[in-house]
Amino acid sequence: AVVSTQSTGEFSCTVSYHIIVCLGAMESPYFKKVKASVEDKDKDKEQKEKDKQREKETETMISSTQPQPAISSSSSSSTTQRVCEKLQNGVIHLKGFLSAEEQVHLWQDIKQCAKSYAPTRARNAKSNFMKIIAFNPKKQAHEIPPMFMALTVNAMNFAHTQDATIPPTYRIDYITSFKYPVKDGCLTAHCDGVLGWVVLFSLGNTAKFWVQGPEMKKKVTLDFESGDVLIFNGGTEYNIQHGITTISPQTCPPFLVDELKDERVSIQFRECLRSDHKPYYYGKEKRKATG
């Protein structure tokens with residue numbers, strides 16, 4: 001407050017002077033820095049509130065997915081039960097791992113994340129799919145829905161109880177999602193050539209997904225259905241060859257058919273300890289691939 005015993009004119013000048021000084025201070029670098037700091041704190045608070053709400057939703061969604069004993073594929077034909085199919089050491093197919101609610105929630109999260117990514121076509125002419133998500137968890141942790149990580153950790157924990165060669169936890173270095181059309185959707189035969197564990201979820205129509213590893217006498221073709229999970233190590237020394245021959249039409253579950261009637265979507269959570277394809281970036285450090 002400005003107090004003056006002078007004339008009205010002098011009082012007006014004093015007030016004007018103080019207003020000018022205040023306005024000038026607001027344009028100073030210090031004031032701008034303080035203002036930016038307050039705005040950042042407000043944004044962080046808003047994001048934390050959103051994260052807490054999402055975490056509550058995630059806890060509710062995954063409450064029914066705690067690890068259960070493995071069920072032999074020959075002892076049950078129910079698609080609502082988890083079936084653990086061990087193809088060889090370190091390669092596991094978990095059938096019916098995700099509930100219907102989890103599949104819907106996962107697809108909604110993928111769809112939301114895909115809005116910030118420009119889709120790209122398969123680089124290999126013999127494959128037919130679109131990449132719709134690419135995340136670096138180190139740099140984009142705030143953009144990744146909690147359910148992504150929760151389901152992945154749950155899948156690894158459960159797989160470890162069935163195969164001790166699979167660790168209960170691992171480092172997720174990047175997340176990618178792909179969309180395959182029912183018509184001509186395919187993935188050419190390959191070994192990833194990226195050392196590290198990968199957890200692969202499938203949604204929508206069923207993929208005819210084949211796998212062959214060094215301990216397998218011949219390749220095995222899986223009906224990789226919506227809600228299934230495949231876990232293996234993509235390193236060259238593990239030599240897990242795999243691919244997709246076709247996407248089976250009219251196999252999408254009813255709760256996803258409105259949006260994935262003619263498509264199959266996958267999302268993978270990959271560890272990258274070494275890439276044998278090319279130098280790659282992790283954080284700020286450029287690390288070259290080694291043999």
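What follows is a chat about the predicted model shown above.

Q: What should I know before reading the numbers, including how residues are numbered?
A: This is a predicted model, so to speak: local features need pLDDT of at least 70, side-chain atom pairs count only at pLDDT 80 or more, and totals for chains, interfaces and linings use all residues. Residues are numbered from 1 along each chain as its sequence is written, and side-chain values use heavy atoms, with hydrogens and water left out.

Q: OK, how many helices and strands are in the protein chain?
A: The protein chain has 5 helices and 16 strands. Those are DSSP runs numbered from the N terminus, with helices being H or I of at least four residues and strands E of at least two.

Q: And how much of the chain counts as buried?
A: Of its 291 residues, 41%. Buried is under 20% relative accessible area, exposed is over 50%, and partly exposed is in between, with a 1.4 Å probe and protein chains only.

Q: What share of the contacts comes from residues 24 or more positions apart?
A: They make up 75% of the contacts with a separation of 6 or more. Contact here is heavy atoms within 4.5 Å.

Q: Let's go inside. Which residues touch the most other members of the largest nonpolar core?
A: Leu106, Ile110, Phe148, Phe201 and Ile231, out of 36 residues in that core. A core is a set of buried Ala, Val, Leu, Ile, Met, Phe, Trp, Tyr and Cys residues joined through side-chain atoms within 4.5 Å.

Q: Which elements supply it?
A: β2 (91-95), α3, β4 (130-135), α4 (146-162), β8 (197-204), β11 and β13 (263-270) each give at least two residues. The largest share, 7 residues, comes from α4.

Q: How far apart are the end C-alpha atoms of α3?
A: They are 21 Å apart, which agrees with the 21 Å that its 15 residues (100-114) should span at 1.5 Å a residue. The expected span is 1.5 Å times one less than the number of residues.

Q: Now Phe201. What does it touch?
A: Not counting residues up to four places away in sequence, Phe201 touches several residues, including Leu106, Leu151, Ala155, Val265 and Phe269.

Q: How do the rings of Phe201 and Phe269 sit?
A: Edge-to-face, at 5.9 Å centre to centre with 90° between the planes. Rings of Phe, Tyr and Trp (its six-membered ring) pair if their centres lie within 6.5 Å; planes under 30 degrees apart are stacked, over 60 edge-to-face, and the rest tilted. Phe201 is in strand β8 and Phe269 in strand β13, 68 residues apart. Both are buried.

Q: How many aromatic pairs are there?
A: The count is 7 aromatic pairs. In one of them, the rings of Phe129 and Phe178 have centres 5.2 Å apart and planes at 85°, so that pair is edge-to-face. Phe129, Phe178 and Tyr180 form one aromatic cluster.

Q: Last topic: Asn233. Buried or exposed?
A: Buried, because its relative accessible area is 4%. Asn233 lies in strand β11 (residues 229-233).
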